[in-house]
Amino acid sequence: MAGLLETVRNAAPAGTRVLFELQTNGTLLSDAWLDLLERYEVAVGVSLDGPPLANDRHRLTHAGRSSAASAMRGIELLRSRPHLFAGLLAVVDLANDPMEVHDYLAAFEPPVIDFGLPHATHDDPPHRSDPSVPEYGLWMSRVYDAWLARPEYRHSVRMLEDIVALSSGVRGSVETLGLAPPTSVVIESDGSIEAVDTLRSVEEGATWLGLDVLRHSFDEALSHPKLVHRQHGKEALADQCRACPLVDVCGSGYLPHRFSEAQGYRNPSVYCADLEYLIRHVQGSLRQHGWAPYTQAASSP
């Protein structure tokens, strides 16, 4: 790891700052690891889905045992060096209580809690107990309410803050929401340049670009035919999405969640109803505090 970090940092051109962040389940963190990560200023995010019972639904060890105690030990070590603590990442699971999960994660005092929706496509939709109900939107709206209920909380909740920002006219580079063109690529350990790795949930080969760092530039990657559609904003979206009043906030949802074999990525998100419910819930809450929604006309000279 030290050799990798040293090589990347030394190879960066003059005037280019390299920011390192490591995402881990935290089970192998130790003082020795943190000494190394501190030397290279590597921020560390930990994946934890909630209390032990919730976390162990999907995050058991290879031996089939609970990983919760090891993960919590790693987080406590990380809290001793808060400047390295990037935050917590949790995947939404409808079997878990949203307020319990949020408050449990908040107790670790992370700077950020990042909730992710399970990867799913129109050909392989997410689990729901009642397809007519926006269960994931309801789940995240309860997280929003729990987050607001305690004024002593100082952490951000990334998805919710993104909705607030996008609703207010901010057009940042958010991979999962909004219309800003994503600019991320993945470098595999063999030097291959690939599309964002979450596209592996779509189909075999969805990330493959046929490029590598020895023969190609990142500019070539961003203009690759498999990625260029991401630069087209609303024009790349389904008709239903282009006509939706929430499109500037939702952006049709995360790219992998739009996929179907029949239409490619030109579909609404499989979480369309959930995102609509959550966005309207957040905006309704903001209106109670005097917020007015952003409109394009209001920003014109």
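A polar contact is a pair of N or O atoms within 3.5 Å, and within protein one atom must be able to donate a hydrogen and the other to accept it. In this predicted model, the side chains of H155 and H102 are joined by such a contact, at 3.0 Å.

H155 lies in the loop between helix 6 and strand 5, the strand being residues 156-157. Its relative accessibility is 7%; because buried means under 20%, H155 counts as buried. Leaving aside residues up to four places away in sequence, H155 touches H102, A106, P110, P111, V112, I113 and W147.

W147 leads on to helix 6, which spans residues 135-149. Y144 and W147 are three residues apart in this helix, so about one helical turn separates them. Five aromatic pairs are found in a search of the whole structure. Y144 and W147 form an aromatic pair with 6.3 Å from centre to centre and 65° between the planes. The pair is edge-to-face, because planes over 60 degrees apart are counted that way. Y144 and W147 are both buried.

V8 has a relative accessible area of 34%.

Definitions and conventions: Residues numbered from 1 in each chain as written. Predicted model: local features only at pLDDT ≥ 70, side-chain atom pairs only at ≥ 80, totals over all residues. Heavy atoms only, no water. Buried < 20%, exposed > 50% of the residue type's maximum accessible area, 1.4 Å probe, protein only. Phe/Tyr/Trp six-rings, centres within 6.5 Å; stacked < 30°, edge-to-face > 60°. Helix = DSSP H or I, 4+ residues; strand = E, 2+ residues; numbered from the N terminus. Contact = heavy atoms within 4.5 Å.
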